[in-house]
Amino acid sequence: SKNNLFNRCYCEVKFDSRDVKRGDAFIALNGAVNDGHNFLVDVLEKGASILFIGNRELYRLKEINRDLLHERIIFLVEDTLEALKLLARTWRDRFNYPVVGITGSIGKTTTKEILRNILKKTNVPAFVSHKNQNTDIGLSVNILRMCDEHKVAVFELGINDKGEMTVLADILRPSMALITTISHSHVKGLGGLKGIAEEKSKIFSKFSANNIGFICGDIPVLADLSFSHPVVKFGQRIKNHVHARQVRTEVVDGEKVTSFKLKMYGEAQRIFLKTNHFGFINNAVAACAISHFLNISFETMVDGIESFEPVDSRFEKISMSSRDGFVISDCYNASPESMKAAILAFNEMPVEGFKVAILGD
């Protein structure tokens with residue numbers, strides 16, 4: 001019951017036994033490599049208070065010391081993964097504040113993290129999903145971290161095959177959703193660019209006429225799709241509702257950076273990014289489009305963008321301990337478009353010494 005168990009005892013839900021802490025709930029998932037049921041003793045010894053296990057695994061409880069099972073809540077379910085997704089859907093029903101879903105071929109995490117930084121500047125309590133936890137498992141676990149004190153929640157959704165977005169949208173049911181761009185990622189499972197666009201657009205599949213979708217208007221396969229709900233377009237073309245103009249690179253304090261003029265709904269200002277990577281422009285403009293409909297001021301958006309630092313192997317700059325060089329880690333995505341943008345940005349960086357590029361598929 002959504003008004004019983006988790007109201008009485010809010011706890012973290014974990015599926016990796018290594019992450020379990022006292023009081024957590026543990027869902028024993030049967031993965032491709034490990035079966036969570038093999039770690040029941042381990043999580044009980046760590047203090048897990050709730051277990052979700054498959055009903056065919058009941059025999060395992062008979063092999064566990066009864067003292068470890070004392071005052072533990074145990075749910076026997078037909079399928080632990082389906083139970084996790086159902087639990088997330090049920091927990092999602094508790095909340096009526098804005099829930100934002102972000103997907104796209106590239107730029108999902110960066111857009112989400114820019115939006116996190118903007119929200120941080122507002123001092124509005126917000127939940128933003130962790131790292132790139134964007135599969136059905138990661139999405140579900142993050143939904144279960146939503147709390148009553150939040151005023152907005154932001155999630156990342158990633159897919160590899162057809163049909164997956166429909167499942168994710170059904171779990172999350174976002175009130176706003178954004179597609180960053182469409183490029184040659186996951187073409188094996190999703191087909192060509194048109195197929196990728198159609199599959200990604202299913203993030204809007206649970207929308208009513210009052211929900212708002214955001215798409216990159218610079219991408220024809222996205223811009224040409226028809227929708228039954230309001231759509232806000234962003235990008236670098238002037239016809240977009242929110243757009244970046246007069247893009248250029250400049251040297252500021254010895255560093256090459258990208259600047260652009262942000263124009264949206266009667267407001268305009270030149271913005272300076274802490275990177276010379278042009279791909280971040282689209283991410284920044286996308287985050288601003290969402291921010292406007294979260295009633296965040298234009299000044300706060302600008303502050304959030306200009307103070308943002310690239311994270312987690314997305315053109316992340318890491319200083320060497322010897323202090324005579326640095327590494328640019330761009331290891332997360334190797335789509336042709338993202339790799340081309342990274343190489344161009346790397347090539348333009350002003351340095352006195354050698355540049356070495358290490359590339360892989």
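1. Helix H13 gives the most to the lining of the second largest pocket, with 4 residues. Helices here are DSSP runs of H or I with at least four residues, strands are runs of E with at least two, and both are numbered from the N terminus. This is a predicted model, in which local features need pLDDT of at least 70 and side-chain atom pairs count only at pLDDT 80 or more, while totals for chains, interfaces and linings use all residues. Residues are numbered from 1 along each chain as its sequence is written, and side-chain values use heavy atoms, with hydrogens and water left out.

2. Let us stay with that pocket. The second largest pocket has a volume of about 750 Å³. Of its 26 lining residues, Ile328, Phe346, Val356, Ala357 and Ile358 are the closest to the centre. Strand S15 (326-329) and H13 are the elements that give two or more residues to this lining. A pocket is an open set of points on a 1 Å grid over the protein atoms alone, where a 1.4 Å probe fits and protein lies on both sides within 12 Å along at least five of seven lines; lining residues have an atom within 4 Å of a point. The volume is the space filled by probe spheres set on the points.

3. What classes of residue make up the lining of the second largest pocket? The lining has 17 nonpolar, 4 polar and 5 charged residues. Ala, Val, Leu, Ile, Met, Phe, Trp, Tyr, Cys and Pro count as nonpolar, Asp, Glu, Lys and Arg as charged, and the others, Gly among them, as polar.

4. Now for the largest pocket, which holds about 950 Å³ of space. It is lined by 38 residues, and those closest to its centre are Ile106, His277, Gly279, Glu337 and Ala341. Two or more lining residues come from each of helix H5 (108-122), helix H10 (220-223), helix H11 (279-293) and helix H13 (336-348). H13 gives the most here too, with 7 residues. By class, this lining divides into 14 nonpolar, 16 polar and 8 charged residues.

5. Have a look at Leu115 in helix H5. Leu115 is buried, with a relative accessible area of 0% (buried means under 20%, exposed over 50% and partly exposed in between, using a 1.4 Å probe and protein chains only). Leaving aside residues up to four places away in sequence, Leu115 touches Ile102, Val154, Ala287, Ile290 and Ser291, where contact means heavy atoms within 4.5 Å. Leu115 and Ile290 are 175 residues apart along the chain, yet their C-alpha atoms are separated by 8.1 Å.

6. How do helices H4 (residues 80-92) and H7 (residues 164-172) cross? Their axes come within 7 Å and cross at roughly 45°. The axes are lines fitted to C-alpha atoms over the stretch in contact, and angles run from 0 to 180 degrees between N-to-C directions. H4 and H7 are therefore oblique to each other; angles under 35 degrees count as roughly parallel, over 145 as roughly antiparallel, 65 to 115 as roughly perpendicular and the rest as oblique. Lys85, Ala88, Arg89 and Arg92 of H4 meet Val167, Asp170, Ile171 and Leu172 of H7.

7. Finally, two loop residues deserve a glance. Glu71 is not a glycine, but has a positive phi of about 60°; Glu71 is exposed, with a relative accessible area of 69%. Arg173, in the loop between H7 and strand S8 (176-179), has a positive phi of about 45° and is partly exposed at 23%.
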